[in-house]
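Let's take a walk through a protein model together, starting with charged side chains and then turning to a helix. Keep the structure open beside you as you read.

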Amino acid sequence: MPLAHIAMRAGKPDAYRQALLDGLYRALRETFDVPEDDQFMVITEHAAASFRYGRSYLGIARSDDLVFIQITANNTRSAAQKQALYRRLVELLGEAPGLRPEDVFVNLVEVARENWSLGHGVAQYA
């Protein structure tokens, strides 16, 4: 049950944002065994003055198309699944909406299963 937050610079069309969400969901389904309809994602857009990043940190040449993708998920995935997610996400977002691999920044936050309530005040995974 991942919860994904995508942060990006403002100004892209709706189709671009939908391609980000679609690519992320597909990558999660293919690599993290996420069930169908398990889609909890949000995009926030930021003015240039509110979106800061290291243009060349670790030798990676980033552009203003950079997206930050933070995924909160249960701490049940292997290192191999995480690597597969990162690779597949870059592939899919390269196809649509056309992001360069350098502009896909992913942060995975792992939590215990009991840290989720999906409604009704119940910890469904506990």
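A salt bridge is a side-chain nitrogen of Lys or Arg within 4 Å of a carboxyl oxygen of Asp or Glu. Side chains of opposite charge can pair when their charged atoms come close. What you see is a predicted model, in which local features need pLDDT of at least 70 and side-chain atom pairs count only at pLDDT 80 or more, while totals for chains, interfaces and linings use all residues. Residues are numbered from 1 along each chain as its sequence is written, and side-chain values use heavy atoms, with hydrogens and water left out.

How many salt bridges does the structure hold? There are 11 salt bridges. Find Lys12 and Asp65: they form one of them, with their closest N and O atoms 2.8 Å apart. This pair links distant parts of the chain, since Lys12 sits in the loop between β1 and α1 and Asp65 in the loop between β2 and β3, 53 residues apart. Names like these come from DSSP runs, numbered from the N terminus: helices are H or I runs of at least four residues, and strands are E runs of at least two.

Now look for Arg9 and Asp64, whose side chains meet in a salt bridge at 3.1 Å, N to O. Arg9 belongs to strand β1 and Asp64 to the loop between β2 and β3, so this pair ties together parts that are 55 residues apart in sequence.

Are these residues buried or exposed? Buried means under 20% relative accessible area, exposed means over 50%, and partly exposed is in between (1.4 Å probe, protein chains only). Arg9, at 22%, is partly exposed, and Asp64 is partly exposed at 32%. Asp103 has a relative accessible area of 1%, so it counts as buried; its salt-bridge partner is Arg100, with the closest N and O atoms 3.0 Å apart. Arg100 is partly exposed, at 35%.

Let's move on to helix α1, residues 14-31. The expected span of a helix is 1.5 Å times one less than its number of residues.

Which parts do the buried residues of α1 pack against? They pack against β1 (3-9), β2 (41-46), β3 (67-74) and α2 (79-95). Among these buried residues are Tyr16, Leu20, Leu24 and Leu28. An α-helix has 3.6 residues a turn, so residues three or four places apart point the same way. Just after α1, Asp33 takes a positive phi of about 55 degrees.

Key
Contact = heavy atoms within 4.5 Å.
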